Amino acid sequence: MPAWDKVPWVVIVGLSGLIAHFSLVRAFRHADASVVAPMDFLHLPLIAVVGMLAYGELLDPFVFIGGAVVFLTNYANVWRVQRAKG
C-alpha cells in the first residue's frame, strides 16, 4: 500500500492509463488498425525521452533504431495497402 502522500500520484497514473486505452479504442473505431497501430509504437521513443528528462536515464540508440524500424515497416505496410486500394 502506498503512503498517503503518494496516493494522488497513483490516481493520476491510473487515470492516465485509462484515458490512453480509451483513446486507443476510439481511434480503432474511427480508423483502420493498419493506420492506428503504427502510431501506437511512437510511445517507445517518446517514453525514452521522458525517462531521460524525468529520471536522468541514458538514451539508448537501440530504442530509437528499433522504434524507427517498427514505424517504417508499418508505414510501408500502410502505403502498400493504400496503393492496392487506389
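Which helix does Val 35 lie in? Val 35 lies in helix H2. Helices here are DSSP runs (H or I, at least four residues), and strands are DSSP runs too (E, at least two), numbered from the N terminus. The model is predicted: local features need pLDDT of at least 70, side-chain atom pairs count only at pLDDT 80 or more, and totals for chains, interfaces and linings use all residues. Residues are numbered from 1 along each chain as its sequence is written, and side-chain values use heavy atoms, with hydrogens and water left out.

**Helix H2**

- Val 35 is partly exposed, at a relative accessible area of 36%. Buried means under 20% relative accessible area, exposed means over 50%, and partly exposed is in between (1.4 Å probe, protein chains only).
- Helix H2 spans residues 33–40, and its buried residues are Ser 34, Val 36 and Pro 38.
- The cover over the buried residues of H2 includes H1 and H4. Contact means heavy atoms within 4.5 Å.
- Val 35 and Met 52 are 17 residues apart in sequence. Their C-alpha atoms are 28 Å apart in space.

**Largest pocket**

- The volume of the largest pocket is about 220 Å³. Its lining is Gly 17, Ala 20, His 21, Leu 24, Met 39, Asp 40, Leu 42, His 43 and Ile 47.
- H1, H2 and H3 are the elements that each give two or more residues to that lining. H1 gives the largest share, four residues.
- A pocket is an open set of points on a 1 Å grid over the protein atoms alone, where a 1.4 Å probe fits, with protein on both sides within 12 Å along at least five of seven lines. In a cavity, the probe fits but cannot get out. Lining residues have an atom within 4 Å of a point.
- Grid points are joined across faces, edges and corners, and a volume is the space filled by probe spheres set on the points.

**Nonpolar surface patch**

- Val 11, Leu 15, Leu 18 and Ile 19 make a nonpolar surface patch of about 390 Å². Leu 15 sits in helix H1, residues 7–30.
- Leu 15 is partly exposed, with a relative accessible area of 46%.
- Patch residues have over 30% relative accessible area and no salt bridge; like charges are joined within 9 Å, and nonpolar side chains (Val, Leu, Ile, Met, Phe, Trp, Tyr) within 5 Å.
- Accessible areas come from the Shrake-Rupley method with a 1.4 Å probe; for residues, only the protein chains shown count as cover.

**Salt bridge**

- The whole structure holds one salt bridge. A salt bridge is a side-chain nitrogen of Lys or Arg within 4 Å of a carboxyl oxygen of Asp or Glu.
- Lys 6 pairs with Asp 5, and the closest N and O atoms are 3.2 Å apart.
- Lys 6 is partly exposed at 43% relative accessibility, whereas Asp 5 is exposed at 52%.

- Leu 44 is in helix H3. Leu 44 is partly exposed, at 34% relative accessibility.
- Leu 44 and Ala 31 are 13 residues apart along the chain, with 21 Å between their C-alpha atoms.
- Gly 56 is in the loop between helix H3 (43–55) and helix H4 (61–85). Gly 56 is exposed, at a relative accessible area of 57%.
- Gly 56 and Leu 44 are twelve residues apart in sequence and 17 Å apart in space, C-alpha to C-alpha.
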